[in-house]
Amino acid sequence: MPESLFQKVWNAHAVRTLANGQTQLLIGTHLIHEVTSPQAFGMMRDLKLKVLMPHRTFATVDHIVPTNELVEPYKDPLAQAMMDELRKNCAQFGITFFDRATGKQGIVHIVGPEQGITQPGTTIACGDSHTSTHGAFGAVAFGIGTSQVRDVLATQTMALGALKVRRIEVNGKLRPGVYAKDVILHIIRLLGVNGGTGYAYEYAGSTFDGFSMEERMTVCNMSIEGGARVGYVNPDETTFAFLKGRPYSPNGADWDKAVANWRSFASDPGCHYDDVVKINAADIAPTVTWGINPGQGITILENVPDPAKATAADEKAGIEEALAYMKLKPGAPIKGTKIDVAFIGSCTNGRLSDFREVAKYVKGHKVAAGVKAIAVPGSQIVALQCEKEGIDKVLAAAGFEWRAAGCSMCLAMNPDKLVGEQLCASSSNRNFKGRQGSPTGRTILMSPVMVAAAAVAGSVADAREVFSVS
């Protein structure tokens with residue numbers, strides 16, 4: 001019987017079916033960082049357990065690391081303590097740690113792919129919601145909680161219920177000024193933030209076939225924002241070209257064997273899907289959020305909703321809550337909304353191609369007076385590549401602060417935070433209440449180029465107009 005990639009990977013890693021109907025699943029690769037691992041290691045010590053397969057676990061520091069401070073000890077004693085704890089745990093249990101001194105540190109979902117650790121046909125788990133990023137390579141990748149981090153460290157397995165599979169096809173060519181970030185915001189708007197509950201999303205169609213790996217990662221990254229546990233793209237020549245020559249990729253004769261194996265995991269023609277959604281790429285426009293979850297999005301040319309026009313009571317209440325928090329007027333255009341902060345970075349949009357695209361358009365422009373603009377590379381390697389190409393200088397000349405690698409203002413578990421009711425144009429993945437560090441801070445999600453346009457205009461703007469994108 002023809003099978004989907006999800007079914008193939010799941011079956012290849014299934015150890016046994018448990019009494020409760022869940023599957024005990026072998027985890028091929030385990031990624032950890034400083035926030036969700038300390039308690040897991042503490043439980044390991046309490047139970048006098050060893051890490052079963054330390055060679056399958058890789059660590060980096062990203063969430064708490066300050067992006068404007070390199071010398072230790074850090075000003076924040078908690079950040080320093082978490083850094084020290086991760087170093088201690090990795091040394092004691094024999095885990096590879098991409099520390100800042102290695103030149104390979106960065107956001108875990110950027111480090112894994114650039115090191116060649118993320119590979120097709122495997123299962124990947126990490127104590128972070130956006131682990132679905134790695135599905136861009138044809139892996140089944142998902143976020144887990146701290147107790148599950150412990151389970152994977154101790155047994156290299158965890159218990160998980162099987163998922164349904166929804167194929168989301170996007171076909172055609174995107175219009176100028178429309179990016180992968182717009183594609184996933186459009187999908188979440190269409191299907192809802194809970195639309196993917198119980199599903200793995202398989203992204204396909206000619207648009208995804210033509211996407212770079214970095215574009216695929218952007219879409220897979222936000223699968224979780226649509227309620228899906230997993231999001232993936234079938235591996236192809238683009239995947240293999242990206243992985244070739246990376247530090248942890250196979251080489252020599254092993255490379256050819258690996259590619260043949262990876263290729264075999266792609267979904268078979270005629271396999272069963274529980275649902276199929278088809279989208280015309282030409283229907284997607286530059287998209288921004290207006291509310292307090294990633295599903296509350298509109299195109300840059302639309303007005304924010306008017307709760308008076310809502311057809312259901314719960315919908316009306318949701319719109320009213322979001323508009324009250326965001327301080328937006330019902331029915332008003334989103335375009336022209338004043339911003340205070342512009343943030344380019346995160347595991348969604350902190351890669352080399354993101355900064356290249358921004359630099360291409362922002363060159364010769366200046367950030368508007370009164371706007372604080374920061375650009376944060378997703379890894380030390382991304383930073384080095386940007387600096388070699390002079391991208392950092394282009395952004396600095398435009399008025400952006402060029403920072404060191406880290407999660408930064410995406411979730412503000414570090415000094416990069418909003419203050420008071422500041423409104424931030426952000427290339428990150430979540431616009432929840434208080435997400436960026438202030439309990440009253442406001443976030444509007446958009447693509448990196450749209451963030452740059454907002455920074456230059458001083459308000460939410462159409463990058464196609466600001467930069468004459470055509």
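Which residue lies over the face of tyrosine 199? Select tyrosine 199 and look above its ring: arginine 166 is there, at 4.1 Å from the ring centre. A charge counts as sitting over a ring if NZ of Lys or CZ of Arg is within 6 Å of the ring centre and within 35 degrees of the ring normal.

Before moving on, note that this is a predicted model, in which local features need pLDDT of at least 70, side-chain atom pairs count only at pLDDT 80 or more, and totals for chains, interfaces and linings use all residues. Residues are numbered from 1 along each chain as its sequence is written, and side-chain values use heavy atoms, with hydrogens and water left out.

**Stop 1: rings and charges**

Now select phenylalanine 242 and arginine 246. The charged end of arginine 246 sits over the ring of phenylalanine 242, 3.9 Å from its centre.

Next come rings that pair with other rings. Rings of Phe, Tyr and Trp (its six-membered ring) pair if their centres lie within 6.5 Å; planes under 30 degrees apart count as stacked, over 60 as edge-to-face and the rest as tilted. By this rule there are 13 aromatic pairs. One of them joins tyrosine 201 and tyrosine 203, an edge-to-face pair with 6.1 Å between centres and 85° between the planes.

Tyrosine 201 has a relative accessible area of 2%, so it is buried. Tyrosine 203, at 1%, is buried too, and phenylalanine 208 is also buried.

**Stop 2: an open sheet**

Switch to a cartoon view. Helices (H or I, at least four residues) and strands (E, at least two) are DSSP runs, numbered from the N terminus. Two strands pair if DSSP finds at least two bridges between them.

Find the open sheet of 5 strands, whose order is β5-β4-β3-β6-β7, with parallel pairing. Its edges are β5 (96-98) and β7 (140-143); each has a single partner strand, so one side of each is left without a neighbour in the sheet. From one strand to the next, the twist averages 20°. Zoom in on β4 and β5, which pair in the parallel sense over 3 bridges. Select alanine 59, and its bridge partner in β5 is phenylalanine 97.

**Stop 3**

Go to β15 (residues 341-344) and β16 (residues 372-375), which are parallel and paired over 4 bridges. Valine 341 stands opposite lysine 372 in β16. Strand β16 is also joined by 3 bridges to β17 (residues 400-402), again running parallel. Here isoleucine 374 has glutamate 401 as its bridge partner in β17.

**Stop 4: two packed helices**

Two packed helices are described by the angle between their axes and the distance between the axes. Axes are lines fitted to C-alpha atoms, for helices over the stretch in contact, and angles run from 0 to 180 degrees between N-to-C directions.

Select helix α13 (residues 352-362) and helix α14 (residues 380-389): they pack at an angle of about 30°, with their axes 9 Å apart. They are therefore roughly parallel to each other (angles under 35 degrees count as roughly parallel, over 145 as roughly antiparallel, 65 to 115 as roughly perpendicular and the rest as oblique). Their crossing is right-handed, a word used if the near helix is turned clockwise from the far one by less than a right angle, with left-handed used if anticlockwise.

**Stop 5**

Most residues other than glycine have a negative phi, and most peptide bonds are trans. Select glutamate 72 and proline 73, which are joined by a cis peptide bond with omega about 0°. Proline 73 is in the loop between β4 (57-60) and α3 (77-93).

Lysine 48 is not a glycine, yet has a positive phi of about 55°. Look for lysine 48 in the loop between α2 (38-46) and β4; at 75% relative accessibility, it counts as exposed. Serine 346, also not a glycine, has a positive phi of about 90°. Serine 346 is in helix α12 (residues 346-349) and is buried, at 1% relative accessibility.

Definitions and conventions. Buried < 20%, exposed > 50% of the residue type's maximum accessible area, 1.4 Å probe, protein only.
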